[in-house]
Amino acid sequence: MAKNEVSEGQQAPAVPSIKPLTRSAMTFADARFVQWSVIMPRGVSKEQLTLSGLWSVIGDQLHTGDRLTVMAEDRSYYAECLVLDAGRGFANIHLLNYYHLPALLVAQEGLPPGFEIFFAGDLGNGDGGYCAKRVCDGVLMTKGHNNREACLAALLESATLR
Amino acid sequence: MNTEDQATVLRHVQHVARHFSALRCSGEKLIELLRFDIGHAAPEADALSNFLRKEDTQKLLEAEYETALWISCDHVKSWRLICLATPTELQNATARLQLRPPSGDSCSWCWQAERGHIDGILFPELNLRGEPIDSRLLHRACMRPWKLMRNLVERGGV
């Protein structure tokens, strides 16, 4: 007879049994839940996205399990939300993901403070094109770029800003 | 034309485009202006014309030199040279967005009129909801700086 490997007082752990899902539990996501696209007006902050009052007018169109893809009107953020419960006059929304979108660095206001990018024309020998200078003393940080983005990238890479 | 000459020509095309903002002229006139801008080392007119007609050249100008260059479909087959450099200050961008060209058949960025033949040439500007904004029409190339200005103003300059 084979030696009983399980000593007295110890029992093999029981494998928990689980009831398998029925076929009716699974169907196409589009058949059950709706993916909504929402354009959020300016001034609505991240914390306000889950307030019931924000969704009170459109709450009756939402169902539990619906996904909301939120794009801020001023392109400042992108968020994904899940509807937990909704009905006429209320909605219980859970924020899944919130992405703060990067600033437009090419804007004058988006530059690092104290620097300016300007177009010097074609002076030959790589002296012209888009140049970046330090405003306080007029030192040229970088020059000879064909477009504003390249000049900004070179400025951000330069030793004094790294 | 070797690589160095090509780079010189591209820089000068950008310079001429920046000077005129939106130029509409014959091919010969454009070559003449470019050769004047380049100076002594200007390539021959034929070589320059061949180089500018290439699709690669036009794509490179649009992608890296903030310049749009194309031969239009109007009855004189004029050449268009448009500067795509965007004003980056909020006040300038706001003012520019409010300006309207004199004709409804014109591009809102370069103001060049297409005189009724707008299908496939001018396209409406659409907002985030997919609705046309303000009856604005733009060339494909001109959409990029115009949209950048629109985004700049939407974000309040940040």
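This is a predicted model: local features need pLDDT of at least 70, side-chain atom pairs count only at pLDDT 80 or more; totals for chains, interfaces and linings use all residues.
Me: Which residues make the contact between α5(B) and α6(B)?

Reply: From α5(B) come B:L90, B:A93, B:T94, B:R96 and B:L97. On the side of α6(B) stand B:W146, B:M149, B:R150, B:L152 and B:V153. By class, seven of these residues are nonpolar, one is polar and two are charged.

Me: What makes α1(B) and α2(B) roughly perpendicular to each other?

Reply: The axes of helix α1 (residues 3-20) of chain B and helix α2 (residues 27-38) of chain B cross at roughly 110 degrees. That angle lies in the range from 65 to 115 degrees, so the pair counts as roughly perpendicular. The axes come within 10 Å, and this crossing is right-handed.

Me: Which residues of α1(B) and α2(B) take part in the contact?

Reply: α1(B) contributes B:V9, B:H12, B:V13, B:H15, B:V16 and B:F20, while α2(B) contributes B:L33, B:L34, B:D37 and B:I38. This contact has seven nonpolar, two polar and one charged residues.

Me: How do you know that α2(B) and α3(B) are roughly perpendicular to each other?

Reply: The axis of α2(B) comes within 10 Å of that of helix α3 (residues 45-53) of chain B, and the two cross at roughly 110 degrees. Since 65 to 115 degrees is the range for roughly perpendicular, the description applies to α2(B) and α3(B). The crossing of these helices is right-handed. In the contact, B:I31, B:L34 and B:R35 of α2(B) meet B:A45, B:L48, B:S49 and B:L52 of α3(B). Five of the residues in this contact are nonpolar, one is polar and one is charged.

Me: How many disulfides does the structure hold, over all chains?

Reply: It holds zero disulfides. One of the cysteines, B:C83, has as its nearest cysteine sulfur that of B:C142, 10 Å away. A disulfide requires the two sulfur atoms to be within 2.5 Å, so B:C83 is in no disulfide.

Me: Why does B:C83 count as buried?

Reply: Its relative accessibility is 11%, and the limit for buried is under 20%, so B:C83 counts as buried. In chain A, A:C81 has 0% relative accessibility and therefore also counts as buried.

Me: How is chain A built, from the N terminus on?

Reply: Its secondary structure comes to two helices and seven strands. The elements run α-β-β-β-β-β-β-β-α. Chain A has 162 residues, of which 31% count as buried. Among its contacts between residues at least 6 apart in sequence, 36% join residues at least 24 apart.

Me: Why does A:V44 count as buried, and where is it found?

Reply: At 14% relative accessibility, A:V44 lies under the 20% limit, so it counts as buried. This residue is found in the loop between β1 and β2 of chain A. Leaving aside neighbours within four places in sequence, A:V44 is in contact with A:L49, A:L54 and A:Y77. A:V44 and A:Y99 are 55 residues apart along the chain, and their C-alpha atoms are separated by 14 Å.

Me: What makes A:S45 partly exposed?

Reply: A:S45 has a relative accessible area of 29%, which is between the 20% and 50% limits; it is therefore partly exposed. A:S45 is found in the loop between β1 (35-40) and β2 (67-72) of chain A. From A:S45 to A:Y77 the separation is 32 residues in sequence and 9.4 Å in space, C-alpha to C-alpha.

Key
Residues are numbered from 1 along each chain as its sequence is written. Chains are lettered from A and ligands numbered from 1 in the order in which they are written. Side-chain values use heavy atoms; hydrogens and water are left out. Buried means under 20% relative accessible area, exposed over 50%, partly exposed in between (1.4 Å probe, protein chains only). Axes are lines fitted to C-alpha atoms, for helices over the stretch in contact, and angles run from 0 to 180 degrees between N-to-C directions. Helices (H or I, at least four residues) and strands (E, at least two) are DSSP runs, numbered from the N terminus. Angles under 35 degrees count as roughly parallel, over 145 as roughly antiparallel, 65 to 115 as roughly perpendicular and the rest as oblique. A crossing is left-handed if the near helix is turned anticlockwise from the far one by less than a right angle, and right-handed if clockwise. Contact means heavy atoms within 4.5 Å. Ala, Val, Leu, Ile, Met, Phe, Trp, Tyr, Cys and Pro count as nonpolar, Asp, Glu, Lys and Arg as charged, and the others, Gly among them, as polar.
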